[in-house]
Amino acid sequence: MKKIAFILLIGFVLGGIIGWGILAPSLTPRETGSGTGRQRAPERGLPIGDFELTRLDGEKVRLSDFRGMPVVINFWASWCEPCKKEMPVFQAVFSERPEEFVILAVNPEEGRETAEEFAESVGLTFPILLDENKEMQKQLMVRGLPTTFFVDAEGVLRAQHVGELNRQLFTDYLAKIGVQP
């Protein structure tokens with residue numbers, strides 16, 4: 001009986017050590033790079049930083065172009081099933097109030113033609129941006145698709161969601177950046 005209790009105790013201790021090793025990094029702000037070039041992941045309550053990407057029509061777009069408007073930044077790809085499911089939700093909500101917020105749909109995975117075909121098939125009317133060098137994906141430390149950032153009118157990150165958004169979640173997040181249902 002004492003042997004079993006001892007083995008269980010050792011198992012709990014080792015499990016705790018391993019668990020802490022897995023969880024502890026997520027409890028501190030993430031960084032990339034090394035030395036003086038380290039870059040911090042975007043943090044809620046802080047400005048998200050500016051970027052410049054190209055729309056499907058070739059026009060350059062900067063986040064700062066939309067200062068004064070709440071902005072939703074969504075990373076997606078046409079092969080991503082959750083992305084395919086949430087895009088019609090984004091379009092429906094956006095169509096109801098296009099003057100109240102902006103959606104920037106960023107495709108870091110595919111070329112112009114593929115992104116354009118998908119946007120047309122779903123009937124997307126908000127800007128589709130190409131992150132051909134994955135610079136913005138790196139800057140915002142996007143690890144999976146879809147990932148959505150909710151930025152208020154002053155450029156401050158208020159929320160981030162990894163995974164598919166349904167209508168209720170999407171409108172709940174929009175409220176955090178000042179877009180009321």
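## Ground rules

Numbering runs from 1 along each chain as its sequence is written, and side-chain values use heavy atoms, with hydrogens and water left out. Since you're looking at a predicted model, local features need pLDDT of at least 70 and side-chain atom pairs count only at pLDDT 80 or more, while totals for chains, interfaces and linings use all residues.

## A cis proline

Going from Leu-145 to Pro-146, the peptide bond is cis, with omega near -10°. Pro-146 sits in the loop between helix H4 (135–139) and strand E8 (147–151). Helices (H or I, at least four residues) and strands (E, at least two) are DSSP runs, numbered from the N terminus.

## Positive phi without glycine

Met-141 is in the loop between H4 and E8. It isn't a glycine, yet its phi is positive, at about 55°. Met-141 is buried, at 1% relative accessible area; buried means under 20%, exposed over 50%, and partly exposed in between (1.4 Å probe, protein chains only).

Lys-134 is another non-glycine residue with a positive phi, near 60°. Its spot is the loop between strand E7 (128–130) and H4, and Lys-134 is partly exposed, with a relative accessible area of 31%.

## Around Cys-83

Cys-83 belongs to helix H2 (residues 81–96) and is buried, with a relative accessible area of 1%. Set aside neighbours within four places in sequence, and Cys-83 is in contact with Phe-75, Trp-76, Ala-77, Leu-145 and Pro-146; contact means heavy atoms within 4.5 Å.

So which residues of the cis bond turn up here? Both Leu-145 and Pro-146. Cys-83 and Leu-145 are 62 residues apart along the chain, with 7.2 Å separating their C-alpha atoms.
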